[in-house]
Amino acid sequence: MQRTILIVDDEESICKSLGNILLDEGYDVLAANSGEEALKLLDEELPSLVLLDIWLPGIDGMEVLKTAKNLYPKLPLVMMSGHGTIETAVKATKLGAFDFIEKPLSLEKIILTVRHALEMSRLEEENLLLRQKINQDYELTGTSPPIMELKEMISIVAPTNAWILIMGENGTGKELVARAIHRQSKRADKPMIEVNCAAIPEELIESELFGHEKGAFTGATEKKRGKFDLAHEGTIFLDEVADMSLKAQAKILRILQEKKFERVGGNKVIQVDVRVLAATNKDLEKEMEEGRFRQDLFYRLNVIPLMVPPLRSRKEDIPLLMERFLADFALKEGEPKKILGEDALAILMEHSWPGNVRELKNFIERLAIMTPSIVISAHDIPPLPKEGHKVEPFRDPVQDYVSGSFREAKMDFEKSYLAKKLREFEGNISKTAESIGLERSNLHKKIKAYGLESKGE
C-alpha cells in the first residue's frame with residue numbers, strides 16, 4: 001500500500017522541491033501552505049505522515065501539532081524549522097513530534113527520517129494488532145449463563161495470588177482459562193510456564209521441574225533451568241495434574257510446600273515465588289479414594305476450584321464460537337471468511353459435541369477447508385454421530401479373529417462379512433450377491449452353511 005505524506009510549509013518552493021523528492025521515492029504527496037489548510041486536509045484524508053513547518057501564518061506549527069496529536073494520536077509528525085532552538089525541539093517532542101529537522105533541509109536526512117517514522121508507525125500498528133489478537137486468543141467466547149459466571153469468577157480470583165484448580169472435560173478450554181487468569185493477574189508481565197504432567201517420564205520429572213547442573217547425569221552436557229525456575233515471579237500451569245505418578249506428586253508437593261529446591265546434581269538452594277494453576281479432566285475425589293492421587297496435594301492445589309462447563313451445557317454459545325473459528329481460520333490462511341448457512345447451523349446446533357469446543361473448532365476448520373463455496377450449507381456437512389452415540393475407538397479388525405486356526409478365522413470373518421452385507425441390503429439375496437461379486441447359488445449355500453437368515457429375493 002502506497003504511503004501518503006502531507007507537507008505543510010508556507011514556502012511554495014519548499015513544498016514543491018520536497019514533494020518532487022518524495023514522489024521519486026514512491027510516496028503520494030499532499031501539500032498545505034497554512035495551518036488551517038493542513039487541519040482541513042487532515043480531516044478530509046488522513047496521511048501516513050506529516051512534515052510540518054513550525055513558523056506558519058495564522059495557526060502556527062506547534063498549535064497544528066497539538067491539535068493533530070489530540071485528534072490522531074498515532075499519526076507521526078516531523079517538525080521543520082529554520083529558526084529552531086533546543087527549547088523548541090524539546091517542546092515539540094513533548095507534544096508528540098516524532099523528530100525535529102532544521103532548515104536548510106538535508107534531503108538525505110528528510111528521506112531517512114521519513115522512512116524511520118513510517119517504519120515505527122508500522123511496527124506500532126502491528127504490535128497493537130498482535131496484542132488485540134493475543135487478547136482475543138485468550139478470551140473466553142460466549143454469553144451463556146455458565147460462561148458468564150466463569151468469566152465473573154476469573155475476574156474476581158485472577159488479581160489475587162490464590163492457587164486455582166481448573167476442572168472440566170477434555171476440550172472445554174482449561175488451558176484458555178489458565179491463560180486468562182494469568183493475563184488478568186498482577187503477574188501478567190512475568191512468564192507463564194506450562195507443564196504437561198502427563199507427558200513427562202517419571203525418571204525425568206526432577207530434571208524437568210527443577211533443572212540440572214552440567215554433568216549431573218549421562219547426557220547432561222550443560223546446565224538447564226527447570227520449569228519452576230523459569231516461572232519465578234510468574235505463574236506455573238500444571239496441566240493434567242492427575243496423570244502424574246504418586247512419586248512425581250510427592251516431588252511436586254514438596255516444592256509447593258517449601259517454595260525452594262535444588263537442581264539435580266547441585267547443592268545450591270533456590271528460592272522460588274510462583275503462583276500455581278492446575279488443571280485436570282478427572283474426578284480427583286474418586287482418584288483419591290482409589291489411591292491414585294495424594295490427598296495432601298489435592299488440598300494444597302484446591303484453594304479455589306473453577307469448573308469449565310462442557311459445550312452441551314452452553315449450546316447458545318455455538319454460533320458465536322463458529323463465527324470466531326471461521327474468522328480465525330480466514331485470518332490464518334489469508335483467505336476470505338466463509339459464512340455458515342442457517343440450514344448448516346441448525347444441523348450443528350443439534351449435535352452433542354462430546355469433544356467440546358476443541359471438537360467444534362476442528363470440525364469448523366475442516367468445513368472451511370473442504371467447502372469450495374463461500375457459504376457452507378447443510379449438504380456440505382458430513383454425517384455426525386447421533387445424540388448419545390459414542391464414536392468407536394480404532395480397533396484392529398484382525399484382533400477379532402486371532403484365536404483358532406487360519407481356517408476358523410477365515411470362516412468367522414466370512415460369516416460376519418456376509419451377515420453385515422445381508423443387513424445392508426435388507427436380506428435381498430440378488431442385490432447382496434451382485435454387490436459382493438458372488439453367484440446367487442453360491443451365496444445361498446453360504447447363508448445356509450452359516451445359519452444366516454434372509455428375506456429371499
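E287 and R292 make a salt bridge, and their closest N and O atoms sit 3.0 Å apart. A salt bridge here is a side-chain nitrogen of Lys or Arg within 4 Å of a carboxyl oxygen of Asp or Glu. This is a predicted model, so local features need pLDDT of at least 70 and side-chain atom pairs count only at pLDDT 80 or more, while totals for chains, interfaces and linings use all residues. Residues are numbered from 1 along each chain as its sequence is written, and side-chain values use heavy atoms, with hydrogens and water left out.

**Salt bridges**

- By this rule, the count comes to 23 salt bridges.
- D243 pairs up with K282, with 2.8 Å between the closest N and O atoms.
- R314 and D317 form a salt bridge with their closest N and O atoms 3.0 Å apart.
- R314 is buried at 4% relative accessible area, and D317 is buried at 0%.
- Salt bridges can also join up into a network, and one such network links E213, R225, D229 and R263.

**Aromatic pairs**

- How many aromatic pairs are there? The count comes to four.
- The rule behind that count: rings of Phe, Tyr and Trp (its six-membered ring) pair if their centres lie within 6.5 Å, and planes under 30 degrees apart count as stacked, over 60 as edge-to-face and the rest as tilted.
- F210 and F261 are a stacked pair, at 5.6 Å centre to centre with 25° between the planes.
- This pair links distant parts of the chain: F210 is in helix α8 (residues 205–210) and F261 is in strand β11 (residues 260–262), 51 residues apart.
- F210 is buried, with a relative accessible area of 2%, and F261 counts as buried at 2% as well.
- F298 and Y299 go edge-to-face, with 5.3 Å centre to centre and 65° between the planes.

**A nonpolar surface patch**

- I339, I374 and V375 form a nonpolar patch on the surface, and together they have about 240 Å² of accessible area.
- Patches are made of residues with over 30% relative accessible area and no salt bridge, where like charges are joined within 9 Å and nonpolar side chains (Val, Leu, Ile, Met, Phe, Trp, Tyr) within 5 Å.
- Accessible areas come from the Shrake-Rupley method with a 1.4 Å probe, and for residues only the protein chains shown count as cover.
- I339 belongs to strand β15 (residues 339–340), and I339 counts as partly exposed because its relative accessibility is 45%.

Methods
Helix = DSSP H or I, 4+ residues; strand = E, 2+ residues; numbered from the N terminus. Buried < 20%, exposed > 50% of the residue type's maximum accessible area, 1.4 Å probe, protein only.
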